[in-house]
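Please keep the sequence and the structure in view while reading.

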Amino acid sequence: MNIFRLCGDMLHLTSIMMLIFKLQKSKSCVGVSCKMQEMYAMVFCCRYLDLFWSYISLYNSVMKIIFITSTFYLIYMMRFKTPTCQTYERANDSFPHELYLLGPCALFGILFTEAYSIPDVLWSMSIWLESVAILPQLVLMQRHKEVENLTSHFVGAMGAYRAFYILNWIYRYFAEDYVNWIGWVGGLLQTGLYCDFFYYYAKSKWYGSKLVLPGVE
């Protein structure tokens, strides 16, 4: 464990807690993509399957359990818990992830895996799924154009978490000769998808204005 990994984990955890706080306080999930959360639920279930047979540390196990349970709780609130679920924008949260993302990520998980065992293939698939999981949220925000502060902070923290993980990989490469090509490529792709958002996010903070994204039809 190094400081970059720890900061990345805390930013990821903070982003989830901010979203739970927003939904519980406002009783509204307007502007939040449930499809993104469903993709992250798949990511965590595929990646953390080793909870059943592998123990690394208490910190590692607790963080995995928190990520899984909190993500499923977010899905529950958006899909089933009233009055929050009544505000879910099914028409706007319509990015066809099952058509454009799930199949290709599963294929990449099979093609680019270190070993052809079920845990390794699922881990590889989770990397590709996470790299594009933000897309439904980005599309939804562009449809709204004007983004609420807590929603923008949530997405900003998600992007910052991945940026710190890149620093973690750089540190481990030089300190431990750590190499993980699949994770690196997936992480760089994921970070790249945030670049446009970060430009408008930083611009809004610099000028003290609300975050407004260019719209899509």
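Contact, as used throughout, means heavy atoms within 4.5 Å. This is a predicted model, in which local features need pLDDT of at least 70 and side-chain atom pairs count only at pLDDT 80 or more, while totals for chains, interfaces and linings use all residues. Residues are numbered from 1 along each chain as its sequence is written, and side-chain values use heavy atoms, with hydrogens and water left out. Helices (H or I, at least four residues) and strands (E, at least two) are DSSP runs numbered from the N terminus.

**Helix H5 against helix H6**

- Two packed helices are described by the angle between their axes and the distance between the axes; here axes are lines fitted to C-alpha atoms, for helices over the stretch in contact, and angles run from 0 to 180 degrees between N-to-C directions.
- H5 and H6 pack with their axes 7 Å apart and at an angle of about 140°, which makes H5 oblique to H6; angles under 35 degrees count as roughly parallel, over 145 as roughly antiparallel, 65 to 115 as roughly perpendicular and the rest as oblique.
- The crossing of H5 and H6 is right-handed, where a crossing is left-handed if the near helix is turned anticlockwise from the far one by less than a right angle, and right-handed if clockwise.
- From H5, Leu-102, Cys-105, Ala-106, Phe-108, Gly-109 and Ile-110 meet Val-121, Ser-124, Met-125, Trp-128, Leu-129 and Val-132 of H6.
- The residues of this contact of H5 with H6 divide into 10 nonpolar, 2 polar and no charged, with Ala, Val, Leu, Ile, Met, Phe, Trp, Tyr, Cys and Pro counted as nonpolar, Asp, Glu, Lys and Arg as charged, and the others, Gly among them, as polar.

- Cys-105 is found in helix H5 (residues 102-111) and is buried, because its relative accessible area is 6%; buried means under 20% relative accessible area, exposed over 50%, and partly exposed in between (1.4 Å probe, protein chains only).
- Leaving aside neighbours within four places in sequence, Cys-105 is in contact with Met-125, Trp-128, Leu-129 and Val-132; of these, Leu-129 is 24 residues from Cys-105 in sequence, yet the C-alpha atoms of the two are 5.7 Å apart in space.
- Phe-112 lies in the loop between H5 and helix H6 (118-132), and at a relative accessible area of 42% Phe-112 is partly exposed.
- Not counting residues up to four places away in sequence, Phe-112 touches Ser-124, Trp-128 and Ile-182, whereas the C-alpha atoms of Phe-112 and Tyr-48, which are 64 residues apart along the chain, are separated by 19 Å.

**Helix H2 against helix H3**

- Helix H2 (residues 34-47) and helix H3 (residues 58-79) pack with their axes 9 Å apart, at an angle of about 150°, and that angle makes H2 roughly antiparallel to H3.
- H2 passes H3 in a left-handed crossing.
- On the H2 side, the residues that meet H3 include Tyr-40, Ala-41 and Phe-44, and on the H3 side the residues met include Phe-67, Ile-68 and Thr-71; the residues of the contact of H2 with H3 divide into 11 nonpolar, 2 polar and 2 charged.

- Helix H8 (residues 149-176) has 28 residues, so at 1.5 Å a residue H8 should span 40 Å, and its end C-alpha atoms are 39 Å apart, which agrees; the expected span is 1.5 Å times one less than the number of residues.
- Asn-168 has its place in helix H8 and counts as buried because its relative accessibility is 3%; apart from neighbours within four places in sequence, Asn-168 is in contact with Asn-2, Phe-4 and Arg-5.
- Gln-137, found in helix H7 (residues 135-144), counts as buried at 0% relative accessibility, and its contacts beyond four places in sequence are Gly-31, Val-32, Ser-33, Met-36, Thr-151, Phe-154 and Val-155.

**Backbone features in the loops**

- The peptide bond from Thr-82 to Pro-83 is cis, with omega near 5°, and Pro-83 has its place in the loop between H3 and helix H4 (97-100).
- Lys-27, in the loop between helix H1 (3-26) and H2, is a residue other than glycine with a positive phi, near 55°, and counts as partly exposed at 42% relative accessibility.
- Asp-177 is not a glycine, although its phi is positive at about 60°; Asp-177 is placed in the loop between H8 and helix H9 (181-207) and is exposed, with a relative accessible area of 64%.
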